[in-house]
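Please keep the sequence and the model in view while reading.

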Amino acid sequence: MQTGIFKRFFARSSIRGRGEVNRQQSVGGVSRYLLVFALLACEQPPRDVVEEAYIPARIWLLSDSQHANAIRDLLGPVDLPDVRTPGVTGDQFIHEAALHRVGGPLLSQYHTAARMAARQAALRRDQILPCSPEAIGPQACARAFIDRFAPRAFRRPVDRDERDQLMALFELGQRDGDFSSGIELVIEAILQSPGFLYRTELGAPADDADPIARHPAGVITLTPYELAAQLSFLFLDSIPDEPLWAAASDRSLSQPEVLAAHVDRLLALPRVRQHLGTVVLKWLGVDGMRMAKKDRRRLPEFDDELRESMAAETSLFVSDVLWNRGGSLRELLTSSRTFIDARLAAHYGVDSVNSTVSVSTDAVPVELDPAQRAGILTHASLLTVLGTSRARSIVYRGLFINRLFLCLPEPAPPTIELLQASAGETRGLSHRELADYRIGTDACAGCHRTIDPFGIAFENYDVLGRWQTEDIDATTSIVIPGDGQRHRINGLRDLGRVLVKSESVAACVVDQFMQRAFGRHLGNEATHSRERIKYHFLATDRSLVEIFRTIPDMPIFATRQRSERR
Amino acid sequence: MTQTTNRLNRRAFLAGMGGLALGSAALGSKYLIRPAGAETDRPPTRLLIIHKPCGTVPENYHCTGGERDFTLSPILEPFAPLRPHMVVVEGLRIAKRERTPGQDHGNGMVTFMTGGVTIKARGFRTVTADRESIDHILATDRGVGGNTPIRSLHLAADVRSDRDELFTRVLSYSGRASPVPPETRPVAAYTRVFGGLFSDGVDRATLEHVERARSRRKSILDFSRTGVERLYNRVGAAERIRLDAHVDAIRETERLIDNSLSCAGAADLTQLRREVDVEQIDDLHGEFGLAHLNIIRTAFQCDLTRIATFAWGPGNSPINFSRLIPGVENMGYHTITHSGSNRAHDETAIHRWYNERMAEFLITLRDTPDFDGSSLLDNTLVVVWSEVRLGSPHTFDNIPIQLFGHAGLQLGGGRLLRFAGRSTNDLWLTIANALGHPMECFGDAQRCKGPLAGLFD
């Protein structure tokens, strides 16, 4: 597995020449890193590289979208109630594995969904049955259905006990009604059973019996079925598709090159591309765009049409960056090539630039003035989400950069004593002057010196992301923690460039996507895998797509630590 | 305290087998059905914990005057009709410790509810609590929580937050790093509590249909239970805690199935079963809250649960009140508390608005008969609180707290009590003891000063 990634990486680099360019670009800060890494990669036999610790063997409840997608992949298009795991908000980027459990509220929702899905499926049973009950008899046909449906729902083979229980359910349902009622009850039971609801990362059951002999290091390897599910939930946000299922069934998925080929195949699927685009939008928080609220009296121009135009721009842009421009963070943060419609063109004040745009209700590709629009930070959608309901906020904008690109926790707001003490000095200051005060005053600077300079870089944009020039000073001095170097910048175009070049930012971005892939905070569990993904990320023009491509190749993907069973 | 008799009676509760029989023994009034889990002689005491976000406005909150002759402040004025049932508690501090993980609103919630601190548990991204919360302690004490179908019920009108942090949306913890988030949608809450077998209502079901549906549902639950057992044998301790919760939920469903005909009051709530457009969540904030509170009221009345929490929203609430309350600035509630241009006015209006809704609910609770004909409010202790004193800057001293309901607990109403230098942990200690749960201290034992004298008679 370890060799696979390097073969593929170097093959890609030489074809594109991109690896070369990048290595030259990153000579300064990265060269030593690369050298150490190259030694590590070349000299150490990859199979001997072990993590200090792996993620514990675990179960992981399906997310709400996975739950709905899985039901539809099993049964075809069905209407489903909007299942919402308590504690989860719709726009969350990371579905935490350790957190969610099936309490009373969720079990009730699963029941409603299963019942609704089963009822609809039974109404058009010919589409889900592999047989005709009239032709081969109801018992035989029910058994054939169970043998096909249950393993796919459980993402693993079912054993005899399970089949017998499901047959008993079929007979109970049939007794109260007819053949379809029996099938309906089977589907209803499967869709609210743990086999369907939990992803397992436990290895083969047979390994439980003799763990020490087989796994002296206390680690276990995921089964091919578990690997298929890992891949499918990561890329499809659903159960394994046909090719993955076939590769799990014949166990070939445990071979690194087969797994790698599936990753490449998945990354080319439109459905996967759309899903990963959504993942990036959730990461950016632009998903919250549709709920953003503005003061209607002060900002009457912010109507649903403008909201949709803003959302469409970012969605198309992200998709284009991911799938037509190599997924590069550089493109994401600095590119002026975007997609706007007439409404947004007017909003950006560029409706005279392009005659096609000025009349188009659909977003069309344009190249905007990079002095004003460069990268996703300059998108009206993001800027709108980051504002309050009527004003732009240096602090909110700065905190966003802290959180998303520097991985810094949000500090507590100031104490009452501090605010009271500074009230006299801050009265009457403009919001830019306030920021300078916070940066320059010892009592505030502890936090604000890492928040406000980043927020100041956004100053050219108003609360709805419009460019403004009067009395604006977006010059500021920033330090990216970890890199140490001080940068004088003016505006978001500069900020984007600094962020893109920073190794700390790269590490932070990789960490967040890995946390998403594994649904947890990663401490010492994946240090080696993380380093390798970071390396690959840096070497591929910081490609977000390559993070996803690389994750399944890492030791932590298929390996779990045996867990304590006290 | 004086709860010995009650506790003996609680131990003698009737087994919940008689859902159908009880349902048919309706004695002419739908309210006079003795619930399946209740004692023979008198109704049990229930506990409802209501969280209202973002503190208060001190100059418009604090009442002037003495213990019994105080003048209601503008913010508390909506509770005037409930004054005989209300105790205003002043001076208590949330014993939040220095430099704990996570932001203040969530910290206030965790420390108030658990007496403990926030933690970053291994493998977690989210901040959680280091121990179980008071509602869970009481719900798992059979002497307090009883053997009701639902051990405790957790609902919230809104959990949206302008921070992506779970612990600002959670009141209940079943243990270390084990948050129990609330259900937010009335339709889902209704279906869980009262739906039982009947997704289309309890009244239309015939006995035969009920029995068949019940048997099918139980077979499905049996299949789920063996599925959980299969996993249970293969996972570690942390996963087993979560699977235990799954088994609890299966048991809860089974108990609800057995009781589903005994709650006639649920029929009054059938209007809750419509889905509401999420876009309307701000405009329907009051309706959402009252819907949840009425689900809790009916669940209490039918003894489906005795412990409930309800949250109006997180401290980081984005609810925009400008269309609900004319004159309030057009921005999210949390934003108002930090950067509103007319903070005192707007926050006062919002607190009054919340209190008007709660007063409406408490009056309904007062007028709802318990199964022995007494007032449901008499047999319920309602604790209304906030996770901070001020929306900005966040402070944890002198938290605004009101208690409602009295006879069952000898909580003498119509009083204003000031406890300087004491913490909310001691309030829970006092309440736990009054409910019959033995407890020496709640929270940090070294700072515990014992029960609050004079709260209960």
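For chain A the mean pLDDT is 87, with 87% of its residues at 70 or more. Over residues 1-48 of chain A the pLDDT is below 50, and this stretch has 62 contacts beyond near neighbours in sequence.

This is a predicted model, in which local features need pLDDT of at least 70 and side-chain atom pairs count only at pLDDT 80 or more, while totals for chains, interfaces and linings use all residues. Residues are numbered from 1 along each chain as its sequence is written, chains are lettered from A and ligands numbered from 1 in the order in which they are written, and side-chain values use heavy atoms, with hydrogens and water left out.

**The sheet of chain B**

Chain B holds an open sheet of seven strands with mixed pairing, in the order E5-E8-E1-E9-E10-E2-E11. Helices (H or I, at least four residues) and strands (E, at least two) are DSSP runs numbered from the N terminus, and two strands pair if DSSP finds at least two bridges between them. The edges of the sheet are strand E5 (153-156) and strand E11 (415-418) of chain B, each of which pairs on one side only. From one strand to the next the twist averages 15 degrees. In general, strands of a sheet pair through backbone hydrogen bonds, either parallel or antiparallel.

| Strands | Sense | Bridges | A bridge pair |
|---|---|---|---|
| E5(B) and E8(B) | parallel | four bridges | His154(B) and Thr309(B) |
| E9(B) and E10(B) | antiparallel | four bridges | Val382(B) and Phe404(B) |

How many of the six residues of E9(B) are buried? Six of the six are, so strand E9(B) is largely enclosed by the rest of the structure, where buried means under 20% relative accessible area, exposed over 50% and partly exposed in between (1.4 Å probe, protein chains only). Thr380(B), Val382(B) and Val384(B) point one way from E9(B), whereas Leu381(B), Val383(B) and Trp385(B) point the other way.

**Helices of chain B**

Helix H7 (residues 186-195) of chain B has nine of its ten residues buried, so this helix too is largely enclosed by the rest of the structure. Among the buried residues of H7(B) are Tyr190(B), Arg192(B) and Phe194(B).

Thr111(B) is found in helix H4 of chain B, and at 1% relative accessibility Thr111(B) counts as buried. The side chain of Thr111(B) reaches the backbone oxygen of Gly116(B) at 3.1 Å. Leaving aside residues up to four places away in sequence, Thr111(B) touches Ile94(B), Ala95(B), Lys96(B), Gly116(B) and Asn425(B).

**Chain A**

Chain A has 30 helices and eight strands, and of its 566 residues 57% count as buried. Its accessible surface comes to about 22800 Å², of which 52% belongs to carbon and sulfur atoms, the areas coming from the Shrake-Rupley method with a 1.4 Å probe and, for residues, with only the protein chains shown counting as cover. Among contacts in chain A between residues at least 6 apart in sequence, 71% join residues at least 24 apart.

In helix H26 (residues 491-501) of chain A, the buried residues include Leu492(A), Leu495(A) and Leu499(A). The buried residues of H26(A) pack against several elements of chain A, including helix H18 (329-334), helix H22 (394-405) and strand E6 (475-479).

Gln92(A) lies in the loop between helix H4 (64-75) and helix H5 (104-123) of chain A. With a relative accessible area of 17%, Gln92(A) is buried, and its side chain reaches the backbone oxygen of Ile94(A) at 3.4 Å.

Note on methods. Axes are lines fitted to C-alpha atoms, for helices over the stretch in contact, and angles run from 0 to 180 degrees between N-to-C directions. pLDDT is the predictor's confidence in each residue, from 0 to 100. Contact means heavy atoms within 4.5 Å. A polar contact is a pair of N or O atoms within 3.5 Å; within protein, one must be able to donate a hydrogen and the other to accept it, and residues adjacent in sequence count only if both atoms are side-chain atoms.
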